[in-house]
Amino acid sequence: MAKYVVTGGKKLAGTVRVSGAKNAALPIMAAALMTEGETILENVPNIADVRCMGRILESLGAVVTWLDANRLSIKVNGKIGSGTPYNLAKKLRASNLLLGPLAGKLGRAEISMPGGCLIGSRPMDLHIKGLKAMGADVTTEHGLIKAKGKLQGEKIYLDFPSVGATENLMMAAVFASGRTELENAAKEPEIVDLANFLNAMGAQIRGAGTDLIRIKGVKELRPVNYSVIPDRIEAGTFAIGAAITGGKVRLENVIPMHLVPLIAKLKEVGVHLIQEEDALEVGGKEEYAPTDIKTMPYPGFPTDLQSPMLALLAKAKGTSMIVENIYENRFRVAGELKRMGANIRVEGQAAVIVGVDQLYGAQTKATDLRAGAALILAGLAAEGLSEICGIEHIDRGYEGFQAKWNSLGAEIKRIED
Ligand code: UD1
């Protein structure tokens, strides 16, 4: 298995272009199946998760081609399949985002049930409840979620503003008869991006980005060219990287508004930030104040930047607390950070972090994507060499990882075992 070896102590400096958002590209790719003809997506990150979604679309009958580094063509001609293959679906939780598009377009879908994962159990009950409310006959058996039947518009209240359930039900409602209202919908920027894409194709979706999304059913969609929004989580990871190394980094291709909760916390601990329309300058310091963070659905602090912040706060002057409200197992990375000298006590959904003066290089293991990012960040700030294995998680979600970080002066080597 491959690993990264990070030489600590280098201050990051320079400019980096943030890639397209993984969490916007994946649902948008799924939605491209809802039309006929060629959809061209720009600013798509070439990462393992996106390539895997491409293979799933191909298994359903689409032709998926990279036109250049970040431009993806998805061609749909004629009939598409209704079932996702287990061998691919098991690699990518976001394969569950085909449930809505297929159920809406074909009136049937058989999706491999995504399992739990290391960060939490991640059930599908809200997706299923919503589709049932729209008239589908939904069963779960033999590891499959099967939905059958023509969908009709309905008022649906989500018990929790789940990103995936909002996306699936929004896509399902596009071809449903009549009007659908999603109440207590998730408000993440990736949902707005998906709605903008669907609307560009001819859907009638209003209110994405608020907690009430209204969808009026349409008969068909037309293919379009569309550019995916920048990845706020990758941007946030670079921002924390600049901070933790005491460096100075300019991030380009960012939407600072999407980073408001992170920017607020970074300012609070003492990071210097200058926001421009589509860029962000981050200036680090030698010492940071502690802070408390609660992860929440957007516009609250994103759970996906919780592990990277854990690494930063591990070096703050004083005691911080992080409460994780989205996933039950997202503090596994604390054990790995402790191997590097961090002082973190986890109690249930809370972590108490007593800042230390210095982290030290150690051998560690990434247990999930964002844990991997946190360990790289800690490695950059640590004294000596750190080894991070389990880096297939990092490949899933960060484009050109090693090249981008090294272009800022990091010293990260990839070693293939
Ligand atoms: C998406 C993101 C992921 C991010 C998460 C929360 C993608 C591809 N992934 O994941 O990076 O960490 O949002 O911001 O966009 N839940 C239920 N029942 C359901 C659905 C969800 O209980 O039917 C719970 C989950 O277990 C979790 C919480 O709701 O505790 C949030 O999950 P959700 O917003 O659905 O996350 P994803 O869409 O899977």
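1. Start with Arg122. In this predicted model, one of its polar side-chain atoms sits 3.0 Å from a ligand oxygen. Asn23 also reaches the ligand through its side chain: an N or O atom there is 3.0 Å from an oxygen atom of the ligand. Ile326 uses its backbone instead, with a polar atom 2.5 Å from a ligand oxygen.

2. Next, cover. On its own the ligand has 750 Å² of accessible area, and the protein covers 84% of that.

3. Now the shell. It holds 16 residues, of which Asp125, Ser162, Val163, Asp304 and Ile326 come nearest to the ligand. By class, seven are nonpolar, five polar and four charged.

4. H5 (125–133) and H6 (163–174) each supply at least two shell residues. H5 gives the most, with three.

5. Turn to the interior. In soluble globular proteins, nonpolar side chains tend to be buried together. The largest nonpolar core in this model counts 76 residues. Leu98, Leu131, Met170, Val174 and Leu198 have the most contacts inside that core. Helix H1 (residues 22–32) contributes the largest share of this core, eight residues.

6. Setting aside neighbours within four places in sequence, Leu131 is in contact with Leu99, Ala103, Ala136, Val138, Ala147, Leu151, Leu169 and Ala172.

7. There is also a second, separate core. This one has 71 residues, including Tyr4, Phe238, Tyr288 and Leu408.

Definitions and conventions:
Residues are numbered from 1 along each chain as its sequence is written. This is a predicted model: local features need pLDDT of at least 70, side-chain atom pairs count only at pLDDT 80 or more; totals for chains, interfaces and linings use all residues. Side-chain values use heavy atoms; hydrogens and water are left out. A nonpolar core is a set of buried Ala, Val, Leu, Ile, Met, Phe, Trp, Tyr and Cys residues joined through side-chain atoms within 4.5 Å. Buried means under 20% relative accessible area, exposed over 50%, partly exposed in between (1.4 Å probe, protein chains only). Helices (H or I, at least four residues) and strands (E, at least two) are DSSP runs, numbered from the N terminus. Contact means heavy atoms within 4.5 Å. A residue is near a molecule or strand if one of its heavy atoms lies within 4 Å of it. A polar contact is a pair of N or O atoms within 3.5 Å; within protein, one must be able to donate a hydrogen and the other to accept it, and residues adjacent in sequence count only if both atoms are side-chain atoms. Accessible areas come from the Shrake-Rupley method with a 1.4 Å probe; for residues, only the protein chains shown count as cover. Ala, Val, Leu, Ile, Met, Phe, Trp, Tyr, Cys and Pro count as nonpolar, Asp, Glu, Lys and Arg as charged, and the others, Gly among them, as polar.
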